[in-house]
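Thanks for coming. Please have the sequence and the structure open while I talk.

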Amino acid sequence: MGAGNRQGGRIRVSDRQRTILEAAVRTIARSGVRGLRVEEVAAEAGVSTSLLYYHFKDRAGLVRRTLEFVNDRVGDATDPAAAADQSPRGILEYQLLMELQDSPAVREVSTAWGEMRAAAVFEPDLQPTLAHTTKVWAEEIAGVIKASQLTGQARRDADPQAAAERLTSLVEGLSERWLSGSLTRDRAVFLLRGAIDVELGPQPAP
């Protein structure tokens, strides 16, 4: 999930496709992926099953496109242009912390993302798309860490790619614990801020 989006380009969807994909996100967030029924998504979207098949061919196609759509929606929620602090370190913190923002939209897409990641253990067809989006997300965060190093906002001896992979993995784990009630959001944010300081070094004084 990440800066702009984790695929390097947004998927193009028509208004009707968007309606169906939004319904699929809600359905997956509520019921998971393994029990997803095309008929349930069609009813949620208010369209016929045949129309859904016309746009997405089959259940697997619908799930893959929903994963890409979720990726774009998370990218919208963490758009670096919205960061109050436009320094590399400020953008990095914004992108990671906004994954834990307490809004209905972020709760929904984060829950759906977690369900899809869990389902990929049993549905190998999801794994290539998940692997790609995860790789792109980590690479984007690594790029921001490199920029932070160049401006003296991060330790020069930090390995940007390894730090990015650890931080993005932590975000996903903290998000899951927060959404499942195992951790408060405040505690999750505190732990993530601490991890950023461990990976990059404390934020330099202005």
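Arg177 touches Ser182 and Leu183, leaving aside residues up to four places away in sequence. Touching, or contact, means heavy atoms within 4.5 Å. Arg177 sits in helix H8, residues 160-179. For the whole talk, helices (H or I, at least four residues) and strands (E, at least two) are DSSP runs, numbered from the N terminus. Is Arg177 buried or exposed? Arg177 counts as exposed because its relative accessible area is 53%. The cut-offs are these: buried is under 20% relative accessible area, exposed is over 50%, and partly exposed is in between, with a 1.4 Å probe and protein chains only. Arg177 also lies 8.3 Å from Ala188, C-alpha to C-alpha, and the two are 11 residues apart in sequence.

A word on what we are looking at. This is a predicted model, in which local features need pLDDT of at least 70 and side-chain atom pairs count only at pLDDT 80 or more, while totals for chains, interfaces and linings use all residues. Residues are numbered from 1 along each chain as its sequence is written, and side-chain values use heavy atoms, with hydrogens and water left out.

Stay in H8 for the next residue, Glu176. Glu176 is exposed, because its relative accessible area is 58%. Its C-alpha is separated by 7.0 Å from that of Gly114, 62 residues away along the chain.

Now the chain as a whole. How many helices and strands does the protein chain have? There are 9 helices and 0 strands, and from the N terminus on the elements run α-α-α-α-α-α-α-α-α. The protein chain has 206 residues, and 48% of them count as buried. Take the contacts between residues at least 6 apart in sequence: 70% of these join residues at least 24 apart.

Next, how helices pack, starting with H8 and H9. Their axes come within 10 Å and cross at roughly 170 degrees. The axes are lines fitted to C-alpha atoms, for helices over the stretch in contact, and the angles run from 0 to 180 degrees between N-to-C directions. H8 is therefore roughly antiparallel to H9. In these terms, angles under 35 degrees count as roughly parallel, over 145 as roughly antiparallel, 65 to 115 as roughly perpendicular, and the rest as oblique. On the H8 side the contact includes Leu167, Leu170, Leu174 and Trp178, and on the H9 side it includes Ala188, Leu191, Leu192 and Ile196. By class, this contact has 12 nonpolar, no polar and 3 charged residues. For the classes, Ala, Val, Leu, Ile, Met, Phe, Trp, Tyr, Cys and Pro count as nonpolar, Asp, Glu, Lys and Arg as charged, and the others, Gly among them, as polar.

H9 (residues 185-200) also meets H5 (residues 88-97), with axes that come within 11 Å and cross at roughly 145 degrees. H5 passes H9 in a right-handed crossing. A crossing is left-handed if the near helix is turned anticlockwise from the far one by less than a right angle, and right-handed if clockwise. H5 contributes Arg89, Leu92, Glu93, Leu96 and Leu97 to the contact, and H9 contributes residues including Val189, Leu192 and Arg193. The classes come to 7 nonpolar, no polar and 4 charged residues.

Now to H1. Helix H1 covers residues 15-31, which is 17 residues, and spans 24 Å from its first C-alpha to its last, close to the 24 Å expected at 1.5 Å a residue. The expected span is 1.5 Å times one less than the number of residues. Among the buried residues of H1 are Ile20, Leu21, Val25 and Ile28. After H1 comes Gly32, with a positive phi near 85 degrees.

The axes of H1 and H2 (residues 38-45) come within 8 Å and cross at roughly 120 degrees. H1 is therefore oblique to H2. This crossing is right-handed.

One last residue. Where is Lys57? Lys57 is in the loop between helix H3 (49-56) and helix H4 (59-77). Lys57 counts as exposed because its relative accessibility is 70%. Its phi is near 70 degrees, a positive value in a residue other than glycine.
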